[in-house]
Amino acid sequence: MKYFDTHAHYNDKAFNENREEILKKCKDAKVQYIVNVGSSVKESLECINIANSHDFIYASIGIHPYNIKEDNVQDLYDMYKKEENKKVVAVGEIGLDYHFSKEDKKEQINCFIEQIELANTLKLPILVHTRDASLDTYKILKDEKKAEYGTLLHCFNPTDDLVRLVLDRGYTVAFGGNITYKRAPSFGKYLNEIPLEQIVVETDAPYLPPVPLRGTVNDSTNLKYICKRLAEYRGIDENIIVENVYNNAKKFYKIPD
């Protein structure tokens, strides 16, 4: 079985002591591809550097809503053009997060829209982070700004509005360790409404380790637990899940054979 981790953060300080060891372990565990995702201008450059030094890793560049006060979208554009990096495959993670603060809603929304416009300019898909902001995320994606080259909802936590949008627009959704945690019964219902061809898997490493590894540093070798739980929810063979989410990820990111 081959795996594709669509969202990880191997530039995180949690990997400073053993980054190369962990990445080798991932490759040995048949993780064929990893997309390392930026959350700021600085981290995006780190992601590019890691991608350039590992043949199976690609990069995504973006400004997370937590970092909008420190960073400018223009800097992402300048960095992308300066690097001329063919291994940048998306703009993200971008979006809205009202969990800790709702005072900067307007600024978050403006930065989100600006980065969607950047992705359209660069002809790249977007990776969307949304937390406690599903309605505004829905409104922006539905009415205000269309991502012309693909949309992936990261760490997907389904709501009626977002699932309807996913189905209407054919968006890709990524499930991670969150699907192995205790959830309301409706989570399984939502998950089964989404066509398999629109689903990928992710770790968000070093965050969100799946059950039974809560409390540890997450890495891409744990994709197998996510695929197993996804197979249980959908009532199909795990091998079918693994094959499909792998192919879906390659298609979304336009990774050549």
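Two rings of Phe, Tyr or Trp are taken as an aromatic pair if their centres lie within 6.5 Å. By this criterion, a search of the whole structure, which is a predicted model, finds eight aromatic pairs. The rings of Y66 and F100 have centres 6.2 Å apart and planes at 55 degrees, so this pair is classed as tilted. Because Y66 belongs to the loop between β3 and α3 (73-83) and F100 to the loop between β4 and α4, the pair ties together parts that are 34 residues apart in sequence. Y66 is partly exposed, at 41% relative accessibility, and F100 is exposed, with a relative accessible area of 65%.

F156 and F175 form an edge-to-face pair, at 5.9 Å centre to centre and with 70 degrees between the planes. With F156 in the loop between β6 (151-153) and α6, and F175 in strand β7, this pair ties together parts that are 19 residues apart in sequence. Both F156 and F175 are buried. Elsewhere, ring pairs link F4, Y33, Y58, Y246, F252 and Y253 into a cluster.

Leaving aside neighbours within four places in sequence, the contacts of F175 include F156, F187, L191, I226 and L230.

K189 lies over the face of Y190, at 4.3 Å from the ring centre.

Strand β3 (residues 57-61) is largely enclosed by the rest of the structure, because five of its five residues are buried. I57, A59 and I61 point one way from β3, whereas Y58 and S60 point the other way. Strand β2 (residues 31-37) runs parallel to β3 and is joined to it by four bridges, with V35 opposite Y58. Three bridges join β3 to strand β4 (residues 88-97), also in parallel, and here I61 stands opposite V91. Y58, a member of the ring cluster, has K87 over its face, at 5.1 Å from the ring centre.

How values were computed
Residues numbered from 1 in each chain as written. Predicted model: local features only at pLDDT ≥ 70, side-chain atom pairs only at ≥ 80, totals over all residues. Heavy atoms only, no water. Contact = heavy atoms within 4.5 Å. Buried < 20%, exposed > 50% of the residue type's maximum accessible area, 1.4 Å probe, protein only. Helix = DSSP H or I, 4+ residues; strand = E, 2+ residues; numbered from the N terminus. Pairing = 2+ DSSP bridges. Phe/Tyr/Trp six-rings, centres within 6.5 Å; stacked < 30°, edge-to-face > 60°. Lys NZ or Arg CZ within 6 Å of the ring centre and 35° of its normal.
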